[in-house]
Protein chains: 6
Amino acid sequence: MRLLTRLLAPKSVAHAHCDLPCGVYDPAQAMIEAQSVKAIAEKYAANEDPAFRARAILIKEQRSELVKHHLWVLWTDYFKPPHFEKYPQLHTLFNEATKLAGAGGTKGSVDVETADKLLAKIEEISKIFWETKQS
Amino acid sequence: MRLLTRLLAPKSVAHAHCDLPCGVYDPAQAMIEAQSVKAIAEKYAANEDPAFRARAILIKEQRSELVKHHLWVLWTDYFKPPHFEKYPQLHTLFNEATKLAGAGGTKGSVDVETADKLLAKIEEISKIFWETKQS
Amino acid sequence: MRLLTRLLAPKSVAHAHCDLPCGVYDPAQAMIEAQSVKAIAEKYAANEDPAFRARAILIKEQRSELVKHHLWVLWTDYFKPPHFEKYPQLHTLFNEATKLAGAGGTKGSVDVETADKLLAKIEEISKIFWETKQS
Amino acid sequence: MRLLTRLLAPKSVAHAHCDLPCGVYDPAQAMIEAQSVKAIAEKYAANEDPAFRARAILIKEQRSELVKHHLWVLWTDYFKPPHFEKYPQLHTLFNEATKLAGAGGTKGSVDVETADKLLAKIEEISKIFWETKQS
Amino acid sequence: MRLLTRLLAPKSVAHAHCDLPCGVYDPAQAMIEAQSVKAIAEKYAANEDPAFRARAILIKEQRSELVKHHLWVLWTDYFKPPHFEKYPQLHTLFNEATKLAGAGGTKGSVDVETADKLLAKIEEISKIFWETKQS
Amino acid sequence: MRLLTRLLAPKSVAHAHCDLPCGVYDPAQAMIEAQSVKAIAEKYAANEDPAFRARAILIKEQRSELVKHHLWVLWTDYFKPPHFEKYPQLHTLFNEATKLAGAGGTKGSVDVETADKLLAKIEEISKIFWETKQS
Ligand code: NI
Ligand code: NI
Ligand code: NI
Ligand code: NI
Ligand code: NI
Ligand code: NI
């Protein structure tokens, strides 16, 4: 990790989520879980011990569920009608991203590529999120 | 948020947490929840409606618990004996930080200053965390 | 409840939800929680005891969260691209319904009317759901 | 699904559960999870992929636990002493039904017949439940 | 606490619960939560601060739910038909005990006496439990 | 179990945990879960059925997580600075005990010896805990 990134990291990540609402939102929460899902898929491929694989699958299931949850929170709680007007692709993007963390995605698959597709979708959402924060 | 920060943000936050372990850790998870706790305390102070305040207290309780959980995970799962040797203050730091998210801290108090103290402790932890990642 | 309805009830409700997927889905799960939310709002209005009201608010928060969760599951896991093509209002419908169970809806309000609006939205979703099951 | 059933379904299912109490109860919640358990057992039998089977077992465990929980709620929160007097078999019925969703039942077995036995027990409970609602 | 009790304590408490089943059960789990419920009721009576009381109510709700859960587990998972034959009062005892931890008991009341009644019921269950372990 | 132990058991175990705080703490909660973990490891070794083993691994994961949680609660919520002064080994003891319930311990291993090591650490913590209660 480059020094610049490291210095900014602790300050750049304080955005999330609850439903008071506290007003703090951040796609980082979904991204972190998706990165975990990818790392699990890589470790699964590298380790044939059945006990390890059973653990990997159950943890991947939990982490994928967290990805879905964090994305749903952004879609329902953060994004408002004007955002959906400005970004008409947003509904489909969230629907596809959450599907990619479900049975047809990282829950049902142990392939690293599936996790990569999920990460790419979250990046797209994240990009839009930060654009809306700027304006 | 400055452009530089925004550009780095989506990329700089993918670090967390489960116990496969996936190897992904990030103090950002605790920090995000603590920022939420602070925002809740501010909204509590600004709104005297009893129904709102009851909600604020219950959500603050949940978010404080998440802070504790994310910090415990770092202390037990990420940090190893050599870290504790190099940073002898680390045990006390985590013990104080988690206490600051509990009954004697942000759970038991609605003061914004208590949340600020918690955030400062997490910053200290975060600084050490990133130092260990660099070496 | 009419006899006919009662007789059919036990047989007509087996539809839901997980992400194996088991293939069992049913808007009834969201509807049941929303009915609970409405009943809580009514009991809240009828009882000024602060301890009762604190309990009512925390349970309403949990039940509203369950409404959101059950709806998100339908939106992501049950509905597929052809459904969204045939029912272009579906994304907005789900987004509005889940918002109605959140901070701007039954979580943030103790009004019975808010719960009624949520129930009406779920009815709309339910109607479409059963149409798609028939075809 | 027959048309009549379908038409009634959305209206006939609003009954459940929390402990305010909201007064809304419905055996449908247990039934839905038990139907899911049965569907999982069927899919397990039809798919020998070890990763799929590991997922099926963990989801079956969760859904069986939900069956137990929903039944316990009915037994403790909905049914009152006069019901137990009128239906002296009720305690045994609930005890057997919850055991059928546990280690000696759908948690410990992947057989479809075990799930069928569980469903039959819930039907019996459901029948009594609706009788008590009518009187 | 007397010395004798203290010395035995760490060794005498290893009994619980899951549904593998591991075979480890212990009424202590329900008792611990019920003792917590009583302590919360006492602290509630002694502290009129509304923020403290809101916290007390929400934590009492959670701990009462845990009492119910631990008792349900004993009733369904530990006790078997021969126990119910030998102790015909067992069903009613568990039904009353779990009701005492619900809306009509420690969830719905802040009275210390209600918590005492709950504790007494759990003592009765505990006595029978240990008798069955001895035989 | 000896008669003396049995007689004392129901009375000697009421110590735990929440964060009101209720003031009720007890290492028994962690011990009970760790005993369960050991029993699971023994049953795993004795049963080669893959479906049973998948269940054993997922339940062992949950129970190990509960061990970690109960220990963290003691470390943060029960123990205070004077305790850490008097028992300078306490931080390391808790850190090692929670690691023994994680990926490098009972989560990642199915060996009975690993569970025994965890139990021994909890005994050490328990001994110190009861000393602090006496003074
Ligand atoms: Ni928030
Ligand atoms: Ni991880
Ligand atoms: Ni399902
Ligand atoms: Ni209810
Ligand atoms: Ni167990
Ligand atoms: Ni407590």
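## How the two copies are related

What rotation, and what shift along its axis, superposes chain D on chain F? In this predicted model, the rotation is 120 degrees and the shift along the axis is 0.0 Å, with an RMSD of 0.0 Å. The two copies are therefore related as by a three-fold rotation axis. Within chain D, Ala54(D) has the C-alpha nearest that axis, at 3.6 Å.

Chain D and chain F meet through different surfaces: 14% of the contact residues of chain D recur in chain F.

## The contact between chain D and chain F

On the chain D side, seven residues take part in the contact, and chain F contributes five residues. Between them the two chains bury about 480 Å², with 71% of this area on carbon and sulfur atoms. Which residues of chain D lose the most area to chain F? They are Ile57(D), Leu58(D) and Glu61(D), which together account for 65% of what the chain D side buries.

As for secondary structure, helix H3 of chain D (residues 50-78) supplies three residues, the largest share of the side that touches chain F.

## The nickel site in chain D

Now for the metals. Are the two cysteines buried or exposed? Both Cys18(D) and Cys22(D) are buried.

## The nickel site in chain B

Chain B holds donors for another nickel ion, ligand 2. Here the protein donors are the N and SG of Cys18(B) together with the SG of Cys22(B), at 2.1 to 2.4 Å from the metal.

Why do both of these cysteines count as buried? The cut-off for buried is under 20% relative accessible area. Cys18(B) has a relative accessible area of 3%, so Cys18(B) is buried. Cys22(B), with a relative accessible area of 6%, is therefore buried too.

Technical notes: Residues numbered from 1 in each chain as written. Chains lettered and ligands numbered in written order. Predicted model: local features only at pLDDT ≥ 70, side-chain atom pairs only at ≥ 80, totals over all residues. Heavy atoms only, no water. Least-squares fit on C-alpha atoms with pLDDT ≥ 70 in both. Contact = heavy atoms within 4.5 Å. Buried < 20%, exposed > 50% of the residue type's maximum accessible area, 1.4 Å probe, protein only. Buried area = accessible area lost by both parts, 1.4 Å probe. Helix = DSSP H or I, 4+ residues; strand = E, 2+ residues; numbered from the N terminus. Donors = N, O, S within 2.8 Å, 3.2 Å for Na, K, Ca; no water.
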